[in-house]
Amino acid sequence: MRTRLTLLSLFFVIIATAQSYNEVCQKGIEHIKNNNFKEATICFEKAVTQSSNNREKIYALANLAYSYQTLGDFVNALDSYDKALEIIPEEMTLRQQRAN
């Protein structure tokens, strides 16, 4: 019984401290607004893994790519754009941003 209570308590602590996809993205956008692009990449990397559908994943990848591009990390920027374009290849805005 004691082990079960300990595990249950640990589960609730993890749930309470975990940030949701929306919270992580919002924090990433705040970092972009404040020109903290390194911190934004950390948030959007996390958001990509937390995304529950393609729309969320594309949003996170596009912002991740923008952040990398602004930092001058063109290899990771292109990789992020390419991953987003694998999901939605007809998206012209992503294609234009990738070309820049």
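## Confidence, a helix pair and a buried serine

Over residues 1-17 the pLDDT stays below 50. Where pLDDT is low, the predicted coordinates should not be read in detail. The protein chain as a whole has a mean pLDDT of 85. Of its residues, 82% reach 70 or more.

**The helix pair**

Two packed helices are described by the angle between their axes and the distance between the axes. Helix 2 (residues 21-33) and helix 3 have axes that come within 8 Å and cross at roughly 160°. Angles over 145 degrees count as roughly antiparallel, so helix 2 and helix 3 are roughly antiparallel to each other. Their crossing is left-handed. The table lists the residues that make the contact.

| Helix | Residues in the contact |
|---|---|
| Helix 2 | Tyr21, Val24, Cys25, Lys27, Gly28, Ile29, His31, Ile32 |
| Helix 3 | Phe37, Glu39, Ala40, Cys43, Phe44, Lys46, Ala47, Gln50 |

By class, this contact has 10 nonpolar, 3 polar and 3 charged residues.

**Ser67**

Ser67 sits in helix 4 (residues 54-71). Is Ser67 buried or exposed? Buried means under 20% relative accessible area. Ser67 has 0% relative accessibility, so Ser67 counts as buried. Leaving aside residues up to four places away in sequence, Ser67 touches Ile32, Phe37, Ala40, Thr41 and Phe44. Among them, Ile32 belongs to the helix 2 side of the contact described above, and Phe37, Ala40 and Phe44 to the helix 3 side.

Technical notes:
Residues numbered from 1 in each chain as written. Predicted model: local features only at pLDDT ≥ 70, side-chain atom pairs only at ≥ 80, totals over all residues. Heavy atoms only, no water. Helix = DSSP H or I, 4+ residues; strand = E, 2+ residues; numbered from the N terminus. Buried < 20%, exposed > 50% of the residue type's maximum accessible area, 1.4 Å probe, protein only. Contact = heavy atoms within 4.5 Å. Axes fitted to C-alpha atoms, helices over the stretch in contact; angles between N-to-C directions. Parallel < 35°, antiparallel > 145°, perpendicular 65-115°, else oblique. Left-handed = near helix turned anticlockwise from the far one by under 90°. Nonpolar A, V, L, I, M, F, W, Y, C, P; charged D, E, K, R; others polar. pLDDT = per-residue confidence, 0-100.
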